[in-house]
Amino acid sequence: MWRGLWTLPALAARGLRRSCSRQGSGAPAPSSGATIFALSSGQGRCGVAVIRTSGPASGPALRSLTAGRDLPPARSARLRLLSDPRSGEPLDRALVLWFPGPQSFTGEDCAEFHVHGGPAVVSGVLQALSGVPGLRPAEAGEFTRRAFTHGKLSLTEVEGLADLIHAETEAQRRQALRQLDGELGRLCHDWAETLTTALAHVEAYIDFGEDDNLEEDVLERGGAYWSVGAGDTLASQPSELPSLPPFCLPPVDSSVRGLQAALGAHLRDARRGQRLRSGAHVVVAGPPNAGKSSLVNLLSRKPVSIVSPEPGTTRDVLETPVDLAGFPALLSDTAGLREGVGPVEQEGVRRARARLEQADLILAVLDACDLASPSSCNFLDTVVAHVGDRSPNGSSQRLLLVLNKLDLLPSEGLGPSPDLPPYLLLSCVTGEGLDSLLEALRKELATVCGDPSTGPPLLTRARHQYHLQSCLDALGHYKEARDLALEAEALRVARGHLAHLTGGGGTEEILDVIFRDFCVGK
């Protein structure tokens, strides 16, 4: 019996590694007879186009298009004449590469054809491949899905690859590379190992605690125990057993508390990772004629909004996605905030105020030459001060005050003005002060979205947050349980959510959602 006690943690650990590792996917295995092919580079004319195959017929396909010549050495490029296997017509002189499985991207036999990127060449090679027995065109994301199924990528790494393909800013690229490198998966694996050890020791206590082999508080304080022989009890102070290794029980309760703290810290990131992936909401607001539309056009580098000296030109909310200092953002131009206007502009003001409530970051714009006007003072009191008052109490909104029209200021600087919080001076006409504004935006957006170059990996999808929250909830049930069997079940549930996050036991519907955004050929 004591031999089973010693081996229980190792067996449980091996079981969890199978369920949480890259091999433990919920995706169906690809058909053994299906070999897929597709153009993996971009559409249209280009210098070089890459056509890829994956599956057991990749080798015969490569031989067919190279007139039966031997396969090139693995992972080495060779120049070959490609011909249509049916007609023998030459198609192109191309570089070909051979990747025998499992040492390939998908884990299967793969071939690549690096051909000239003209549409006629690409079309001819694809048609030739379609005539090879056992080959069919690939579906969207099928290459990556096969890589996931064969354990080459975990599910979080697959998501990182998708984010890398769609990355439009420097911050998105850095975050996607970190996730593709497996940082989030390794972190979840470490958490899962902690749960495996805790579960093994709870089950050990269930099996042996009733025979008084272990003390009642061992789950809290831990300890080292030696077996004194088959059928005998375990002793915490062995006298003559120097050759037997101890069986160590760490304090399970403290391990669970530490894991709860780690999960809570990641879940308190206020959706920063999701903002980094989809873009932070930046709202430009201020009184009429402060230069909001000019600032939006300046930051977006295109004429998004109409600029006019007439107050109230912007009536609706105008949105444009932009790259702000390397971070993705949805920039919103809003109507000037004022009272006593017509019904159309009143609706614009109402929409502007509603959009302010949804903003992650507010760019508050004032006319530097008109700070003492009623509209400027009212904006400072109702918007700037309001956000400033809420920030110490945990508000996720942040605000930058921008004083525009620096080029119109007199030489003596700002005239009579109310007390102002920290501000930035800018001229949308000359661009003076733009570099300081972009640096301030970079710092604010790094707080809103998270800095992908430092700190722990971010949670970039709602799925990540759901499974970590469910894991944390299960650990809460562990603390509340008054029965060892219920405690063990809570640990199993928590461990299962970590397995689902990295790909173990994923449902087909979830996998379909993840892979549907991939392009054909990836």
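Modeller: The helices (H or I, at least four residues) and strands (E, at least two) named below are DSSP runs, numbered from the N terminus. Two strands count as paired if DSSP finds at least two bridges between them. The model is predicted: local features need pLDDT of at least 70, and side-chain atom pairs count only at pLDDT 80 or more, while totals for chains, interfaces and linings use all residues. Residues are numbered from 1 along each chain as its sequence is written, and side-chain values use heavy atoms, with hydrogens and water left out.

The protein chain contains 17 helices and 15 strands. Of its 522 residues, 48% are buried (under 20% relative accessible area, with a 1.4 Å probe and protein chains only; over 50% is exposed, and in between is partly exposed). Among contacts (heavy atoms within 4.5 Å) with a separation of 6 or more, 67% are between residues 24 or more positions apart.

At one end of the order, β11 and β12 run antiparallel and are joined by seven bridges. Within that pair, Thr320 stands opposite Leu331 in β12.

Helix α11 (residues 292-300) is mostly covered, with seven of its nine residues buried. These are Lys292, Ser293, Leu295, Val296, Asn297, Leu299 and Ser300. Their cover includes the strands β10 (280-285), β11 (318-324), β12 (327-333) and β13 (361-367), together with the helix α14 (434-449). After α11 comes Arg301, whose phi is positive, near 60°.

In soluble globular proteins, nonpolar side chains tend to be buried together. A nonpolar core is a set of buried Ala, Val, Leu, Ile, Met, Phe, Trp, Tyr and Cys residues joined through side-chain atoms within 4.5 Å. The largest such core here has 31 residues, of which Val282, Leu295, Leu299, Leu324, Leu363, Leu437 and Leu441 touch the most other members. At least two residues of this core come from each of β10, α11, β11, β12, β13, β14 and α14. Helix α14 supplies the largest share, eight residues. Leu437 illustrates the packing: not counting residues up to four places away in sequence, Leu437 touches Leu295, Leu299, Leu363, Leu400, Val402, Leu424 and Leu426. Apart from this core lies another, of 26 residues, which include Leu195, Val202, Leu472 and Ala474.

Leu371 lies in the loop between β13 and α13 (374-390), and Leu371 is buried, with a relative accessible area of 3%. Leu371 and Leu403 are 32 residues apart in sequence, and their C-alpha atoms are 8.8 Å apart in space.

Strand β2 (residues 46-54) runs antiparallel to β5 and is joined to it by eight bridges. Five bridges join β4 to β5, and these two strands also run antiparallel. Phe113 in β5 stands opposite Ile51 and opposite Val96.

Finally, confidence must be considered. The protein chain averages a pLDDT (the predictor's confidence in each residue, from 0 to 100) of 78, and 77% of the residues score at least 70. Confidence is highest in strand β4 (residues 90-99), at 95, and lowest in helix α1 (residues 2-20), at a mean of 37. Over residues 1-31 pLDDT stays under 50, and the model has 75 contacts for them beyond four places in sequence. Residues 391-395 also stay under 50, with two contacts beyond four places in sequence. Where pLDDT is low, the predicted coordinates should not be read in detail.
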